[in-house]
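Let's walk through this structure together. Keep the sequence and the 3D view at hand as you read.

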Amino acid sequence: MSGREIYLVGLSHKSAPIEVRERVALTGDLLKAALCALKGSDGVAEAVVVSTCNRVEVYVHADGIEPARGFFTSRTAEADGHLYAKIGVEAIRHLFRVAASLDSMVVGEQQILGQVKEAYGLASAAQSAGPYMSRLCNRAFATAKRVRSETDIGRGATSMSQVAVELVEKIFGDLKGRTILLVGAGKMGALSAKALAVLGADRILVTNRSPERGMALAQQVGGSFRAWDELQRLLVEADVVIVSTGAPTYVVTREMVHQAMKARRSRSMCLIDLAVPRNVDPACADLGEVFAYDVDDMEKVVQATQEARRGEALRAEAIVEAEVMAFARERDARAALPVLAQLRRHAEQIARAEAERTLSHLGPKLDEKGKKSVEAMAQAIVNKLLHGPTARLKAAASTGDGDLPGAAAELFGIENEPARPESAPADPVEGRAAASSERS
Amino acid sequence: MSIVILRIAAALYAVAAGAYIVFFSRPRHRAAATAGFWVLASAFLVHAVAIGVGCSEYGGAEFFGLRGGLVLLVWLLTGAYLFLQRYYKLPTIGAFVTPLALVVLLPTLFGTPGHPGVAPETVRYPSVTLHILSAVGGVALFAIAFGVAIMYLLQEREVKGKRFGALFSRLPSLDALDQMIQRLVRAGFVVYTVALVAGTITATAVWNSAWSWDPQQVVSLGIWILYGAMVQLRHSGWHGRRYALMTLVGFVILLSSMVSLKIVPGVTRHAGDYGARVSEISQ
């Protein structure tokens, strides 16, 4: 029996600091070369490497774990202490959880699925991924899709700038024909202004006490710079005002906003104060059609999202678990099928040989009917003998007990080889490919 | 007969309302919104059949009373919503409009309407049909505006109060709701204007005078002025919370005055004894 299994060796943001991660992370051609090397190493049938800025994970379908571990230890000696290794169902579960964004730094983030898909695509192109990885990865993608559509794990804003986008969207819908005003050259302000670009603002205005920094920022966010003393007039023009200056007092006072709203004929205005200490007088929120938020308000939204996602993650885990179990069952059923086929072939061979021998002894004494009876008896003995084992092997396959096929093969003295294509009618192409790859 | 068909329609309204509420509480189930739309559309058609059968049974006199008015209101309200849904694709509004339709329809479902009698010969003008349809149509549009205004105020309270609860992720943006209120009020005003013109034409023909200080006339003119003022105020910059509140108050005034006019017997010549008065006058 061959001990070919799915192995995972990897490190992630949970196990290793960035210094170690960046030393083993690979992209593009380097990754391709590494995949080829893995595939070329002893006992490795298939390999997929997921390499992102938060994790590097090597999945191999192989005889042993060493080649996967070697991928890391050959790159940096430091990796050793940060590695985690998983085998079989554990490795499958890990991949499914990663693809479903349950293992991400920000649980529920959208990018990881694309990254895993890319990793599989690259492995396919490098021909290091074969039928096993194809089944495994596609199941992982399907699981991730289920999680996304059946839970709310991807819902809500997880960063300040996302919260800003969500708030502005709730108030204005989109920003077509509207103006964003950036007050101050703070980093958070610039980030939020960039994030708001998805809503398609017509104009971005930037004002800052020091014109140099203001102009630089204006260029950076694709806006135009206005002088600081124009602020009052700018408030009349702007629909979204993002304030992040280093000033210790209110830069935007209630009186200023009150005046601006009069001139705006009460068109709605959204004030986002990203500065600490605050730069926008909280009393502005009392004015009609003025929506004012500070850092604390936005932080609360982020926390609410995280809380909601934690709840959704529990539901997602249940989906992942069901899919992992289903996949493992199918895998074991596949593993049991060849044993069954071999067992039957083996038994029938013996029965046929014994029947022939008996018939040749009896020879002419038997008529056609008698011959048929002897052959039927031999077949019946085979069927009756194998009935129990067949049922139990099939049951073991469907409950996910992977040891029984191996034990059966051991007991009956048959090799647990993949079946020949004709005995695996379910998937002849994959059967052939698996057979050829495992014999290599 | 028509009452049975109407009850079937009501059952369909209930199913549609259920589907829309399911969609509202579980926005991932988009299928619920689609189901809601089609069930509501079939309710609309069955309701149309009920109205048609009712007309052939009672000769249209039904629609001079409050009951017929409500039946017609729900039908036009649904039609207007289905029409809007084709263009705006905001199925969350369904969770507000369909229960409203059902509640308004409920009082018409119990007991038989009796025989309201055939509409008197003297009022069988095409302008009467137009008057009834456009009056109820205008009110239907104001009713939807009322529903959207409630949505606006709920949403505004959450956004402004920094409480981002269930509504926050489900309702359209404040701006979209605000614009929708404005359009509905404007469209309703235009349709209601048609009703007043048709009513004036009819009154001139039937009562020989366009204006006779009938309470219904006074109230209708008042409502027309109220909504006209809202259309006008919009142009001078009113919007948002104030506008939504005004839409709310406007509709409450409209509904309460209409209902009380119909409930108090004999207070207006538009009421159930309409036919008798016409015959008195003509005698």
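Where is Arg265(A) found? Arg265(A) sits in the loop between α11 (254–263) and β9 of chain A; helices here are DSSP runs (H or I) of at least four residues and strands are runs (E) of at least two, numbered from the N terminus.

## About the model

This is a predicted model, in which local features need pLDDT of at least 70 and side-chain atom pairs count only at pLDDT 80 or more, while totals for chains, interfaces and linings use all residues. Residues are numbered from 1 along each chain as its sequence is written, chains are lettered from A and ligands numbered from 1 in the order in which they are written, and side-chain values use heavy atoms, with hydrogens and water left out.

Most residues other than glycine have a negative phi, and most peptide bonds are trans. Arg265(A) has a positive phi, near 50 degrees, and is not a glycine. Arg265(A) is partly exposed, with a relative accessible area of 49%; by this scale, buried means under 20% relative accessible area, exposed means over 50%, and partly exposed is in between (1.4 Å probe, protein chains only).

Ser101(A) also has a positive phi, about 65 degrees. You will find Ser101(A) in the loop between α4 (89–99) and α5 (111–125) of chain A. Is Ser101(A) buried or exposed? With 0% relative accessibility, Ser101(A) counts as buried. For a cis peptide bond, look at Val276(A) and Pro277(A), where omega is about -5 degrees. Pro277(A) belongs to the loop between β9 (269–273) and β10 of chain A.

## Where the chains meet

The size of an interface is often given as the accessible area lost when the parts come together. Between chain A and chain B the buried area is about 1900 Å², and carbon and sulfur atoms give 48% of it; this is the accessible area (1.4 Å probe) that the two parts lose on being put together, summed over both. On the chain A side, Lys170(A), Arg265(A) and Glu289(A) lose the most area to chain B, together 32% of what that side buries. Chain A brings 29 residues to the contact and chain B brings 23 residues, where contact means heavy atoms within 4.5 Å.

The largest share, 6 residues, comes from α7(A). The residues on this side of chain A divide into 10 nonpolar, 6 polar and 13 charged.

## Salt bridges

Side chains of opposite charge can pair when their charged atoms come close. A salt bridge here is a side-chain nitrogen of Lys or Arg within 4 Å of a carboxyl oxygen of Asp or Glu, and the count over all chains comes to 29. Between chain A and chain B the count is 2 salt bridges. Arg178(A) and Asp175(B) meet in a salt bridge, at 3.0 Å from N to O.

Within chain A, Arg139(A) pairs with Glu323(A), their closest N and O atoms being 2.7 Å apart. Because Arg139(A) lies in helix α6 and Glu323(A) in helix α12 of chain A, the pair ties together parts that are 184 residues apart in sequence. Both Arg139(A) and Glu323(A) are buried. Salt bridges that share partners also join Lys14(A), Arg55(A), Glu57(A), Arg97(A), Asp103(A) and Glu317(A) into one network. Elsewhere, Glu90(A) forms a salt bridge with Arg93(A), with the closest N and O atoms 3.0 Å apart. Glu90(A) and Arg93(A) are 3 residues apart in helix α4 of chain A, so about one helical turn separates them.

## Chain B in brief

Chain B has 10 helices and 0 strands. Of its 283 residues, 51% are buried.

Key: Ala, Val, Leu, Ile, Met, Phe, Trp, Tyr, Cys and Pro count as nonpolar, Asp, Glu, Lys and Arg as charged, and the others, Gly among them, as polar.
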